[in-house]
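I opened the model today to look up its core, one of its helices and its pocket. My notes follow.

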Amino acid sequence: MDSSILNDVKKALNIGPDDDSFDLDIVMHINSAFTILDDLGVSTPTGQYTIDDTTAKWSDLGFPDIRALRSYIVAQVRIWFDPPSNSFVQTALEKQLSELQWRIERRANV
């Protein structure tokens, strides 16, 4: 599946692909998540990756297995962009992020 990074994250946040009112904020958070991934040792062959709009695709990242990266980026953007009001949900999301970071870092350093 080779879809737009921005549109996939928007879909996970329940924002339609045609609604661009939050694109600037979401792109900023996606790029911040990529910075964290870069710090964990995950970067593209050309270095740190950033997006600007809906044209950036998951396949542009050049990773053979991006499942955990996709989940990580969506979860991280969700916490920053639309944090849960329920503390139990917030804690669960933070635990999910910790688990994903551990797995991603482990794979990056193999």
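I started with the largest nonpolar core of this predicted model, which has 30 residues. I listed the residues with the most contacts inside the core: Ile30, Phe34, Leu37, Ile51 and Ile73. I then looked up where the core residues come from, and α1, α2, α3 and α4 each supply at least two. The most come from α3, which gives seven residues.

Next I took Leu37 by itself. Leaving out residues up to four places away in sequence, I found that Leu37 touches Val42, Leu69, Tyr72, Ile73 and Ile104.

I went on to helix α2, residues 23–39. I found Asp23, Ile26, Val27, His29, Ile30, Asn31, Ala33, Phe34 and Leu37 buried in α2. These buried residues pack against α1 (5–12), α3 (67–81) and α4 (87–108). After α2 comes Gly41, with a positive phi near 100°.

Last, I checked the largest pocket, which holds about 170 Å³ of space. Ten residues line the pocket, and the closest to its centre are Phe63, Asp65, Leu69, Ile104 and Arg107. I sorted the lining into eight nonpolar residues, two charged and no polar. Both α3 and α4 supply at least two residues of the lining, and α4 has the largest share, with three.

Terms used
Residues are numbered from 1 along each chain as its sequence is written. This is a predicted model: local features need pLDDT of at least 70, side-chain atom pairs count only at pLDDT 80 or more; totals for chains, interfaces and linings use all residues. Side-chain values use heavy atoms; hydrogens and water are left out. Helices (H or I, at least four residues) and strands (E, at least two) are DSSP runs, numbered from the N terminus. The expected span of a helix is 1.5 Å times one less than its number of residues. Buried means under 20% relative accessible area, exposed over 50%, partly exposed in between (1.4 Å probe, protein chains only). Contact means heavy atoms within 4.5 Å. On a 1 Å grid over the protein atoms alone, a cavity is a set of points where a 1.4 Å probe fits but cannot get out, and a pocket is an open set with protein on both sides within 12 Å along at least five of seven lines; lining residues have an atom within 4 Å of a point. Grid points are joined across faces, edges and corners, and a volume is the space filled by probe spheres set on the points. Ala, Val, Leu, Ile, Met, Phe, Trp, Tyr, Cys and Pro count as nonpolar, Asp, Glu, Lys and Arg as charged, and the others, Gly among them, as polar. A nonpolar core is a set of buried Ala, Val, Leu, Ile, Met, Phe, Trp, Tyr and Cys residues joined through side-chain atoms within 4.5 Å.
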